[in-house]
Amino acid sequence: MNDLKQFAIELVRDPIDTDRLLARARRPNCGAVLLFLGTTREWTGTNQTEFLEYEAYESMALSEMQKLAEEALGRWSIQFVSIVHRLGRVDPGEASVAIVVSSAHRGAAFQAGKWLIDTLKELVPIWKKDHTASGSSDWLHPTIVSPKPLTLETGMDDSGRVISAEES
Amino acid sequence: MPLKVLLFAAARQRVGAGSVELDIELPSTISDVCEVLVARYPELEGLVATSRWAIDQSFVDNSAKVHGNEEIALIPPVSGG
């Protein structure tokens, strides 16, 4: 059985080309190819985002993303991981991050894919700035305040963390 | 001896620069660097309290030693993806 494991890590400044990512991910020994896209969401509670802007500590973001890919390839029966993060302006509906996982069977791909995006959001030195429709712009530096459920107005994202915007 | 610290996101915006040079005795620890940074740039105090640090592109804790030949970066809470 071909057990070759590969990964591809990129920071880009143009729209993420999902056709290219998927073409690279297909393998005859894989029965599953999983694609996750993180996209700019327009509304968070009462806050309307006009666009997000991403900045990275690029050298460290690349090395941290590579560590994630290597760890996932070691932990699950998967053959290929790709992580692509876009920098600069990302409009509503557009993808800021893409994660691709190829594996023989779909169970490992789903598990690895979830772990990769969850862990990227904790560890990789990339930051987003929310440019709102009202004209303000805030770097988002979320700190975990409380695991208790909160209302939509406090801007809780679906991992349960409170997003506290830094005034800038 | 001046120590260069890389800044990102809200830290970079508040100070108005992608890096600062701190006057600090070396070697020191990251804790010492925090103190000197906040004393010199009080506008960073709240952010430094919730930030991590990286030396040569790896996360370190506040007891890590700094000698002066490393790349030091303040890593505010991340928000990629």
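In the predicted model, Ile9(A) has Ile83(A) of β5(A) as its bridge partner. Strands β1(A) and β5(A), the latter spanning residues 78-86, run parallel and are joined by 7 bridges; strands are DSSP runs (E, at least two residues), as are helices (H or I, at least four), numbered from the N terminus. Both belong to an open sheet of 4 strands in chain A, ordered β1-β5-β7-β2 with mixed pairing, where pairing requires at least two DSSP bridges between two strands.

Contacts (C-beta atoms, placed from the backbone, within 7 Å) link 24 residues of chain A with 18 residues of chain B. Elements giving two or more residues to this side of chain A are α2 (58-75), β7 (95-103), α3 (106-123), β8 (126-132) and β9 (137-140).

Mean pLDDT, the predictor's confidence per residue from 0 to 100, is 89 for chain A, with 85% of residues at 70 or more. Over residues 146-158 of chain A, pLDDT stays under 50. Where pLDDT is low, predicted coordinates should not be read in detail.

Residues are numbered from 1 along each chain as its sequence is written, and chains are lettered from A and ligands numbered from 1 in the order written. In this predicted model, local features need pLDDT of at least 70 and side-chain atom pairs count only at 80 or more, whereas totals for chains, interfaces and linings use all residues.

Notes
Two residues are in contact if their C-beta atoms, placed from the backbone, lie within 7 Å.
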